[in-house]
Amino acid sequence: MAEFDKQRALEIFSGTGQQINFRPIEDVDLELIAKWRNDAETAKYFFSTVPDDIDNQRKWFSEAAADPDQINLLVLDDKHIPLGMIALVDIAKDLNSAELGRFLVGESRARNTGLGQAALNKFLVLVFTELGVKELRAYVHTWNQRAIHVYEKVGFRPQPAERPLSSVNKSSITMMLLKRDQFINKAHLTR
Ligand SMILES: CC(C)(COP(=O)(O)OP(=O)(O)OC[C@H]1O[C@@H](n2cnc3c(N)ncnc32)[C@H](O)[C@@H]1OP(=O)(O)O)[C@@H](O)C(=O)NCCC(=O)NCCS
């Protein structure tokens with residue numbers, strides 16, 4: 001049975017020369033990520049209550065980079081300009097499950113242009129077919145209808161059970177699930 005190997009996973013997600021590309025987040029990206037996450041237009045969608053200033057960003061990243069069970073990626077366009085980020089966290093060693101997280105189209109000009117769906121679709125192809133994850137979950141503020149819509153379009157389905165209330169604004173959080181077979185059967189296999 002295949003086991004999760006972080007180094008191999010980072011290689012899988014480091015393709016180049018396509019319309020949408022990914023690469024592992026590095027220290028030099030943290031200023032940009034802090035800027036994205038502090039934008040009032042995007043900050044409200046996250047669960048974190050800690051200000052994403054550069055110091056917190058560095059602290060977060062040193063822990064995230066050392067965590068063997070997560071990969072954090074930059075989303076880049078065809079010219080390798082960073083437009084957003086996406087992560088796979090809590091990756092089970094046996095690859096039975098993982099969580100999609102930190103999904104953000106950080107550049108406002110790129111939001112609502114189809115980039116999020118295209119990046120997510122490509123990410124899921126790699127997650128399910130190259131990495132071999134069997135089931136993916138995602139947690140979304142129930143009022144974040146844009147993200148829920150995008151997740152549903154690629155096949156995620158909301159689950160009845162909800163996480164404890166968010167400490168940010170006491171709104172509820174929707175858990176969504178997508179199984180590999182469901183995704184592959186929906187033939188989202190464009191790259
Ligand atoms: C969620 C996010 C990643 C999606 O990326 P994007 O590039 O903006 O999304 P796309 O342009 O690919 O698709 C947006 C879709 O949502 C729809 N949409 C836009 N606003 C909406 C709303 N208020 N309610 C429902 N659907 C909405 C659009 O019509 C489009 O759907 P369509 O293609 O069927 O017409 C991006 O908007 C983002 O970074 N948001 C802030 C952070 C966030 O919410 N992250 C997810 C946290 S779990």
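Two residues are in contact if their C-beta atoms, placed from the backbone, lie within 7 Å. Of the contacts in the chain with a separation of 6 or more, 59% join residues 24 or more positions apart. This is a predicted model, in which local features need pLDDT of at least 70, side-chain atom pairs count only at pLDDT 80 or more, and totals for chains, interfaces and linings use all residues. Residues are numbered from 1 along each chain as its sequence is written.

**Overall make-up**

- The chain has 7 helices and 7 strands. Helices (H or I, at least four residues) and strands (E, at least two) are DSSP runs, numbered from the N terminus.
- Read from the N terminus, the order is α-β-α-α-α-β-β-β-α-β-α-β-β-α.
- Of the 191 residues in the chain, 26% are buried. Buried means 20 or more other C-beta atoms within 10 Å of the residue's own; exposed means 12 or fewer, and partly exposed lies in between, with C-beta atoms placed from the backbone.

**Strand 2 and its partners**

- Strand 2 spans residues 71-76 and is largely enclosed by the rest of the structure, because 5 of its 6 residues are buried.
- Strand 1 (residues 21-24) pairs with strand 2 in the antiparallel sense, over 4 bridges. Pairing requires at least two DSSP bridges between two strands. P24 stands opposite L73 of strand 2.
- Strand 3 (residues 82-89) also runs antiparallel to strand 2, joined to it by 6 bridges. Here N72 has A87 as its bridge partner.
- Strands 2 and 3 form a hairpin with 5 residues between them. In the turn, H80 has a positive phi of about 65 degrees.

**Helix 2**

- Helix 2 (residues 30-38) has I33, W36 and R37 as its buried residues. They sit on the same side of the helix, because they cover an arc of only 90 degrees around the axis. The arc is that of the directions from the helix axis to the C-beta atoms.
- These buried residues pack against helix 3 (40-43), helix 4 (54-66), strand 3 and strand 4 (97-105).

**Helix 6**

- In helix 6, the buried residues are A147, V150 and Y151. They fall within an arc of 100 degrees seen down the axis, so they line one face of the helix.
- Their packing partners are helix 5, strand 5 (135-141) and strand 7 (173-179).
- Q145 and H149 are exposed, on the face turned away from the buried side of helix 6.

**Nonpolar core**

- The largest nonpolar core has 38 residues; L73, V75, M85, I86, V127 and V133 touch the most other members. Such a core is a set of buried Ala, Val, Leu, Ile, Met, Phe, Trp, Tyr and Cys residues joined through C-beta atoms within 7 Å.
- Helix 5 gives the largest share of this core, 7 residues.
- Beyond its neighbours within four places in sequence, V133 is in contact with L95, A98, V127, F128 and R180.

**Ligand shell**

- The ligand is surrounded by 19 residues, the closest being Y45, G116, Q117, Q145 and R146.
- Helix 6 makes the largest contribution, 5 residues.

Notes: Near = placed C-beta within 6 Å.
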